[in-house]
Amino acid sequence: MSIVANNKAFHDFFIEEKIEAGIVLEGWEVKAIRGGRASIKEAYVVIRSGEVFLFGMHITPLLAASTHVKPDPVRTRKVLLHSRQIGKLIGQVERAGYTLVPLDLHFQRGRIKLEIGLAKGKKQFDKRESEKERDWVREKARLMREKA
């Protein structure tokens with residue numbers, strides 16, 4: 001069950017591979033995400049010293065948050081992956097020119113998971129081409145409905 005999706009990532013990047021990962025969250029963040037107050041539009045994933053981090057994910061704190069907690073909506077969050085997966089990602093990001101993009105935040109068996117995409121950037125003409133393709137599919141569907 002998806003909580004937040006990053007549709008802009010599919011517009012800006014070619015997604016080669018998808019990886020599901022855990023994410024380290026505080027209690028108030030989990031409550032806010034369950035309330036649908038998260039955004040990953042501006043977020044990005046970085047590998048630093050053998051660990052994976054999520055930057056720029058915005059979680060708006062609930063008004064009923066505890067008084068002793070000082071919520072930071074855009075703090076850096078650690079992404080949980082196996083060391084083999086991290087090693088593979090390091091190789092592809094550093095050598096092959098890929099980038100890591102957060103695609104989706106969803107629930108899995110009561111836990112909040114992050115789907116990361118291994119992506120290559122699209123050029124402007126690639127974006128226009130995919131937009132033309134999408135328009136053609138939509139037009140084709142409309143024509144088929146009219147015939148029936």
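These legends accompany an overview and several close-up views of a predicted model.

Figure 1. Along the sequence, the elements follow the order β-α-β-α-β-β-β-β-β-α-β-β-α. The C-alpha trace spans about 60 × 40 × 30 Å along its principal axes. Of the 148 residues in the protein, 32% are buried. The accessible surface comes to about 9600 Å², and carbon and sulfur atoms account for 52% of that surface. Taking contacts between residues at least 6 apart in sequence, 68% join residues at least 24 apart.

**Figure 2. Model confidence from helix 1 to strand 7.** The mean pLDDT over the protein is 87, and 99% of the residues score at least 70. Confidence is lowest in helix 1 (residues 7-12), where the mean is 82. Strand 7 (residues 77-80) has the highest value, at 94.

**Figure 3. A stacked aromatic pair, Tyr44 and Phe55.** A search of the whole structure finds 1 aromatic pair, and here it is. The ring centres of Tyr44 and Phe55 are 5.5 Å apart, with 15° between the planes. Tyr44 belongs to strand 4 (residues 44-48) and Phe55 to strand 5 (residues 51-55), so the pair ties together parts that are 11 residues apart in sequence. Do look at the surroundings of each ring too. Tyr44 is partly exposed, at 43% relative accessibility, whereas Phe55 is buried, with a relative accessible area of 14%.

**Figure 4. Strand 5 and its antiparallel partners, strand 4 and strand 7.** Strand 4 and strand 5 run antiparallel and are joined by 5 bridges. Within this pairing, Val46 stands opposite Phe53 of strand 5. Strand 5 also pairs with strand 7, again in the antiparallel sense, over 3 bridges. There, Leu54 has Arg77 of strand 7 as its bridge partner. Because 4 of the 5 residues of strand 5 are buried, this strand is largely enclosed by the rest of the structure.

**Figure 5. Ser49 in the loop between strand 4 and strand 5.** The hairpin formed by these strands has 2 residues between them. Follow the backbone to Ser49, which has a positive phi of about 45° although it is not a glycine. Ser49 is exposed, with a relative accessible area of 75%.

**Figure 6. Arg109 in the loop between strand 8 and strand 9.** This view moves to another loop, which lies between strand 8 (99-108) and strand 9 (111-121). Arg109 is not a glycine, yet its phi is positive, at about 50°. At 79% relative accessibility, Arg109 counts as exposed.

**Figure 7. Lys120 over the ring of Tyr98.** Here a charge meets an aromatic ring. The charged end of Lys120 sits 4.5 Å from the centre of the Tyr98 ring.

Figure 8. Asp12 has a relative accessible area of 19%, so it counts as buried, the cut-off being under 20%.

Note on methods: Residues numbered from 1 in each chain as written. Predicted model: local features only at pLDDT ≥ 70, side-chain atom pairs only at ≥ 80, totals over all residues. Heavy atoms only, no water. Phe/Tyr/Trp six-rings, centres within 6.5 Å; stacked < 30°, edge-to-face > 60°. Buried < 20%, exposed > 50% of the residue type's maximum accessible area, 1.4 Å probe, protein only. Lys NZ or Arg CZ within 6 Å of the ring centre and 35° of its normal. pLDDT = per-residue confidence, 0-100. Pairing = 2+ DSSP bridges. Contact = heavy atoms within 4.5 Å. Areas by Shrake-Rupley, 256 points an atom, 1.4 Å probe, with all protein chains shown as cover.
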